[in-house]
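Colleague: Could you walk me through this model before I start on it? I'd like the terms spelled out as we go.
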Amino acid sequence: MNDPIQVLTLFLFNIVLVNIPLLYGTVGEIVVEKSGSLNLGVEGTMAIGAMFGYLAGCAANSLAAGLLVSFLTAGLCGLLFAVLTVSLQANQNVTGLTITTFGLGLYFFVGKGLGERWPAMTASDGLVKGYSALEIPGLSKLPVIGKALFSHNALVYLGIAIALLVWWYLNFTKTGLRLRAVGENPGAADSVGINTLLYKYVHLIAGSGIMGLGGFYMALYMSGSFEGSNCWINGYGWIAIALVIFANWNPVLAVLGTLVFGFFNTLQIYAGPLAGAFPGPLGWLSAIPPQLYKALPFMITAIVLIASSVRKREGSGQPAALGLNYFREER
Amino acid sequence: MKNRQPLFHVVKREGASPARQLLAYVAAVALALAVGAVLLAVQGVEPVTFYRQLITMGIPGSRYPWRAVENFIKLFVPLLIVSMALSLAFKMRFWNIGGEGQFIMGAFWAGFAAMKLGESLPRPAMVLVMALCGALGGGLYGVFVAALKVKWGTNETLLTLMLNYIALYFLQYFAETKTDWNFFLDPGSARPKFAKFPASAQMITIPIGPFNLNLSLLIAAALCVLLYIYLNYTKRGYEIAVVGDSPNTARYAGMKVGKIVIRTIFLSAALIGLAGAFQVSSAGILSASVTNDVGWTGIVVAWLAKLNTAGIVVASLLITVLQFGCQTASTTYPSIDANFANLLQGVILFIVLAADFFTRFQLVRTRKEAAK
């Protein structure tokens, strides 16, 4: 275990493995925010996707069923958000927070209630197999990098594929560009004949669905073991909201951001082994309190938020109408 | 091209009747309880028994009924103060969702004072010092964001959200780091554990027979009255309403909007910090989970009450009954835990948010001639 190369390899491997749910949450929230909605319900949405996706995956003994159900149930949260804030003009902050409260409440209610009947992941070989690592031929044989980047489970690659797809969609397709117009200025978009209502609904549902996939990933990562005290999502939904800002609303930067936040997140656990494996250059790592690593993503994001507001730079990806409800009669 | 017109269009409603609003609330609570009942029945829990236990909160038939009331008050006071404080900020459309962080800072600095000065000051002075430290700690943590918002237009929703977690891990650091200088911890314990405050740092209680009335309840009640007067009968309260309605109107009327925002947010965050101070001084000890999610729940309460001071008293009472009741009722059922309150709270708020639309707007049938 104390072999330096092995420690480094495991450290890099875990940066990817443990933090991909962040990427799902972030990319989902980017889709949502690009339509002009600030949905603070990521944590709750992911919890619901995780719980129901996992249960469905176990019941059907299939990874695909789990993915589908987590996408759909989380999408329902998005639909609820859309009905309340888009059609019924409710406040977005309050609605989002309520989705989180409700989602976590439902998560614990279902999990606790199943009690003895809680399905173990090991009993469902479909899920175990689906979550097992896929070695990418050739690349996975590379030293250090091979294990760290190219021998992960299918959901890791899926998350990155979704991020790239969303990036392409937002920048190079007609609907994607129209979506961004809706987020920037719904009144103007409406006046050129874009169905803003439909755009907001579709993207709230799809974005929330993507968050739900991240929840399902988290369930598998925790091997489906339900604890009464800690939710699987464990604050990832909130970090995802921070990561959207850090990534400047860009899905490709979100991949990089996931690795940066993931680096600190994982360092919290690997500080000891790394300091042990490289006592000279990295010995100081173990002296840093783990709470600092936990707080760092939020600190960095706070600084990014402040700095970008000070500089008011042109290239900010923040949609101009973010968080504002669009009331057509007041256009 | 055919000119399609929707069947209905939405129009703002002028002055919704209070009876209509009240009806919406009663319906929301009833519906939420009905949804809850169905879910409970699915879990094999008898809903009527559960709800009876929830509403009575285990007080009748208990050996120490007054103890339960005292605990209820300890939960109620922080929520009441935080909700009131948040309503101040929300009235100005300043989305302070940093209640958690400001509460933690209040609790932390009150705890700091208790551990540093607890031995040397008499009890009334100590409780006062803790309250001041808490208010200052929370207030400064909030006003920092307000200043950035005024100066550069920094997004306050996202920034206060980040600050919540920074405060949380800051407190966790002191909770989990066992070193010589960390005077917050119990020196007698090998594992890191917060030390109890000295006796003089414990909240003053007024004994009435077997019942110890927590002084913070009286202070919270007084704060409610003061805040009501402040918002409705003073110039400063009026300024808050104007800025919330339209900052441009306020500017045009010669108000210094930046100053008003900074002043109000300081007051709001300081009240939240004060609630944190009361919380730790009533508990007599710090805790890493000191907030008990009150910063989030306060948002729910403020919104349920439509930022109305009297409404906040009622709503925070209702939510505390829900939470405290669920906590007590769930002890008899292994399959239910205190989180059930969150579920009910969520359903209530969803329905109220939806019902709000129909008190603010009305659907009007689009007339034929308008369609031409």
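Modeller: Two residues are in contact if their C-beta atoms, placed from the backbone, lie within 7 Å. This is a predicted model, where local features need pLDDT of at least 70, side-chain atom pairs count only at pLDDT 80 or more, and totals for chains, interfaces and linings use all residues. Residues are numbered from 1 along each chain as its sequence is written, and chains are lettered from A in the order in which they are written.

Colleague: OK, which residues does A277(B) touch?

Modeller: Leaving out residues up to four places away in sequence, A277(B) touches G106(B), A107(B), A110(B), M130(B), A131(B), C133(B), G134(B) and A135(B).

Colleague: And how do the two chains meet, how many residues from each?

Modeller: Chain A brings 39 residues to the contact and chain B brings 46 residues.

Colleague: Switching topic, is E33(A) buried or exposed?

Modeller: E33(A) counts as buried because it has 23 C-beta neighbours inside 10 Å, the cut-offs being 20 or more other C-beta atoms within 10 Å for buried, 12 or fewer for exposed, and partly exposed in between. E33(A) lies in helix 1 (residues 4-34) of chain A.

Colleague: What does E33(A) touch, then?

Modeller: Not counting residues up to four places away in sequence, its contacts are L38(A), V244(A), W249(A), P319(A) and L322(A).

Conventions
Helix = DSSP H or I, 4+ residues; strand = E, 2+ residues; numbered from the N terminus.
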